[in-house]
Amino acid sequence: RKFNVAVVGATGAVGEELFRVLKDYNFPINKLVPLASARSAGSKVEYDGKEITVLELTETCFEENEVEIAFFSAGGSISEKYARYAVEAGAVVIDNTSHFRMEANVPLVVPEVNPEDIASWRETGIIANPNCSTIQMVMSLKPLDELYGIKRVDVSTYQAVSGAGKTGMEELVKQMQAFFAFSLEDSEKNAFAHQIALNVIPQIDVAQANGFTKEEMKMVNETQKIMHKEIAVAATCVRVPVLRSHSESITVTFEDGVEVDVNEVREALERFENVEVIDDLENNAYPMPIISTDTDATYVGRIRRDVYSPNIVHYFNVADQVRVGAATNAVRIGLKWIEMENEI
Ligand code: A2P
């Protein structure tokens, strides 16, 4: 059976990628309904080589178009206001924003890690897609937790500008152009608090009372919710002048008494669905954004045991956060939902 599918935020960075991923995964679509603000209503988006007209997001658009599956990626305030109308129209909402993620009765899902949580979707009609940095991290944490039992995770991120949407990407490109025109000082700074070209910014999202940022605390809280475990997490989230794909330097501390065997770690990661290991330092082989971009895998490399503590492992983790961290994860949730609903 095929479904009527809406994409809210159809003209955004994640929305545009969603159309490509829906096609790549052969999502069973009857009718596709691209939705955005009144500003872009009437413009066209491309799906499977065909142009489809963007409609204005309204309270009644879900009912009018008999939407059954609604992907939301137009920002938290839009989800807050409009998700209910999609649910009332009988649709399941797969939400890419942070708005519903930590609500106790909303499942927060990475299909490779906690697919069983999808089953409680009926309580609210909403399934939340985790933060991009969390998704690619738990993709590597899950097999390692099964292998040895994780106690603590310390992570530093190197996050691409596309995490801030199209405006973030445009700002980096414009600043690079300004640099070559010797006018970088005068270029616009809207998407980020500081110049991002030729710089790194150790702040993503707003400050919290405990000295961490909101993005960093998302990595703590969402990891625990997805893994169903009180793993201690400390994150430092950093914006870097990369267009696409987030990188993460991860240190995992296992239970006391564990003796990390790097080969076992490598094999556990290789066996896990949609994780790929690139780990040959002598031949300069490790994951990088230019490898992961436009792919659906989470790449892991630089795997090494701590020099001092046998229960600690370090590694580097890279994924295309617009796909793995957003569009692809959402589409995989949708496919899993279809599979589970059909079994009922
Ligand atoms: P629009 O292009 O009409 O503004 P990004 O994350 O790349 O910045 O994209 C944000 C997405 O959210 C765009 O598709 C944008 O549509 C959409 N959006 C922003 N504000 C609204 C709104 N008030 N109503 C509907 N869609 C919105």
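## Salt bridges, domains and a parallel sheet

By the rule that a side-chain nitrogen of Lys or Arg lies within 4 Å of a carboxyl oxygen of Asp or Glu, the count comes to 23 salt bridges. The model is predicted, and local features need pLDDT of at least 70, side-chain atom pairs count only at pLDDT 80 or more, and totals for chains, interfaces and linings use all residues. Residues are numbered from 1 along each chain as its sequence is written, and side-chain values use heavy atoms, with hydrogens and water left out.

| Pair | Closest N and O atoms |
|---|---|
| Glu-222 and Arg-101 | 3.0 Å |
| Lys-166 and Glu-16 | 2.8 Å |

Glu-222 belongs to helix 6 (residues 214–227) and Arg-101 to the loop between strand 7 and strand 8, so this pair ties together parts that are 121 residues apart in sequence. Helices (H or I, at least four residues) and strands (E, at least two) are DSSP runs, numbered from the N terminus.

The domain assignment, which is automatic or taken from a database, divides the protein chain into domain 1 (3–130 + 326–343) and domain 2 (133–321). Their C-alpha centres lie 25 Å apart, and 23 residues of domain 1 are in contact with 20 residues of domain 2, contact meaning heavy atoms within 4.5 Å. The area buried between domain 1 and domain 2, that is, the accessible area (1.4 Å probe) that the two parts lose on being put together, summed over both, is about 1,800 Å², and carbon and sulfur atoms give 56% of this area. In domain 1, the residues that lose the most area to domain 2 are Met-102, Glu-112 and Val-113, which together make up 30% of what that side buries.

Between domain 1 and domain 2 there are three salt bridges. On the side of domain 1 that touches domain 2, the elements giving two or more residues are helix 1 (13–24) and helix 9 (323–343), and helix 9 gives the most, with four residues.

Six of them form an open sheet in the order 5-2-1-6-7-8, with parallel pairing, where two strands pair if DSSP finds at least two bridges between them. Strand 5 (55–56) and strand 8 (126–128) stand at the edges with a single partner strand each, so one side of each is left without a neighbour in the sheet. Strand 6 (residues 69–72) and strand 7 (residues 92–95) run parallel and are joined by four bridges, and the bridge partner of Phe-71 in strand 7 is Ile-94.
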